[in-house]
Amino acid sequence: MQHPEPGPLGPTVRQDRFDSIDTLRGVALLGIFVMNIPIFAFTGTAFFNPPAGGGFEGADYATWLASHLLFDMKMMAIFSMLFGAGVALMAERMAATNRSAAGVHYRRMGWLLAIGMVHAYLIWFGDILVAYALVGMMVYPLRKLRTKWLLLIASLLLPVGMALSAVQQMLFEAMRSAESGGMADAWVDMKIMFYPTEASLADESEAALGGFFARALAHAPSVIFMQTWVFATWVVWRVSALMLLGMALHKAGVFKAARSTRFYATMLVAGATLGGGLVGGGVLINHANDFDPVAFFGVVGWFNYLGSIGVALAWVAVVMLLCKSGAVGWLRHALASVGRMALTNYLSQSLIGAFVFYGWGLGYFGEFSRSQLVPIILGVWALQLVISPLWLSKFRFGPMEWLWRSLTYLKPAPMRRANVSG
């Protein structure tokens with residue numbers, strides 16, 4: 001018997017799928033690589049302090065600006081919303097066949113957590129799978145709520161991450177302004193996170209360029225920091241809010257391209273205008289503050305924190321309009337294939353990034369500027385847009401999707417398509 005598995009990273013039987021959801025997931029998956037590859041390529045400080053790494057003039061600045069306006073936090077927002085939609089969709093389909101979805105869901109999340117832990121500690125410290133698995137467990141009991149309640153809870157959760165970030169900003173400001181004492185001493189250590197020195201950059205390069213296990217060991221503190229402090233003060237609030245928003249949008253038929261063209265056009269204009277205006281305003285304030293990294297945690301960061309959701313919804317509207325139009329079918333098919341293999345493609349992007357920039361691979365850490373990363377991004381996009389549909393023409397699932405499904409249902413899933421010989 002076939003078990004439906006419509007999670008945001010996992011496959012389902014083809015005839016049960018909504019191509020629009022897969023296409024949107026494919027767009028988000030490719031877009032996520034735009035934001036992840038700089039963290040592989042040069043100092044992580046550049047996330048808080050963009051001028052600190054990768055170049056910030058001419059083509060490099062234009063690359064940063066485009067990625068910030070269109071991708072930064074926007075693709076994660078889409079993926080989080082789709083994850084929430086997938087949780088609700090799976091539960092609905094299993095309930096329709098009088099089967100309990102809870103056991104399957106928590107088993108799926110447990111295995112996703114395990115995969116994420118391996119990814120985080122051995123491949124890349126910026127892993128998001130662990131957070132999705134944990135938050136996916138948390139929001140599951142809310143899946144049956146009516147749309148208005150999902151939206152209300154999401155709107156209450158979202159500001160918590162903003163408030164906690166503001167508290168951190170105030171703490172950093174107090175540390176920075178202290179002339180002596182414990183806070184002043186703490187700022188000496190904290191300052192390196194925001195303003196890298198030659199010595200700290202050398203240490204970071206040494207960690208990235210070490211052997212496989214030496215690099216993993218050097219990055220382990222960053223993983224622990226991400227999975228504890230960052231998760232508790234920021235990730236859990238934003239991701240849970242967006243997953244609930246995704247459940248609400250799913251119930252409203254938004255991700256199925258089922259709403260009117262006028263609805264999506266309005267959504268596009270509103271999201272791009274309001275969200276884009278906030279994100280752009282944040283850029284202007286950042287310039288006025290000389291990109292002060294401490295301000296990133298306060299009001300300056302709020303502009304993208306909120307504006308990214310509007311831009312993400314504009315992206316959703318564009319993809320839904322594209323699906324409704326029936327245009328560029330070859331591209332939609334390729335994007336949907338990337339989306340159906342999202343887990344495989346996400347992990348593949350990490351392996352490619354690690355191989356190109358870390359010491360156990362080609363070791364190009366610190367050798368590329370922001371604009372020089374663009375050909376690599378386009379190359380990975382092209383590779384996944386070509387390989388994904390080719391693979392799915394012969395197989396039912398991507399390799400990691402097959403493993404995840406098999407572990408979830410405690411038996412190997414059929415891999416090859418019935419109409420493929422050999």
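Q: Which residues have the most contacts inside the largest nonpolar core?
A: This is a predicted model, where local features need pLDDT of at least 70, side-chain atom pairs count only at pLDDT 80 or more, and totals for chains, interfaces and linings use all residues. Residues are numbered from 1 along each chain as its sequence is written, and side-chain values use heavy atoms, with hydrogens and water left out. A nonpolar core is a set of buried Ala, Val, Leu, Ile, Met, Phe, Trp, Tyr and Cys residues joined through side-chain atoms within 4.5 Å, where buried means under 20% relative accessible area, exposed over 50% and partly exposed in between (1.4 Å probe, protein chains only). The largest one holds 98 residues, and the most contacts inside it belong to Ile 78, Met 81, Phe 255 and Val 316.

Q: Which helix gives the largest share of this core?
A: Helices are DSSP runs of H or I with at least four residues, numbered from the N terminus. With 15 residues, the largest share comes from helix 3.

Q: Which residues does a second, separate core include?
A: This other core has seven residues. Among its members are Phe 48, Phe 172, Met 175 and Val 294.

Q: What is the phi of Met 73?
A: Met 73 sits in the loop between helix 2 (58-70) and helix 3 (74-96), and is buried at a relative accessible area of 14%. Although Met 73 is not a glycine, its phi is positive, at about 70°.

Q: Where is Ala 257 placed?
A: Ala 257 is a residue other than glycine with a positive phi near 55°. At 14% relative accessibility, Ala 257 counts as buried. Its place is the loop between helix 9 (212-251) and helix 10 (261-288).

Technical notes:
Helices (H or I, at least four residues) and strands (E, at least two) are DSSP runs, numbered from the N terminus.
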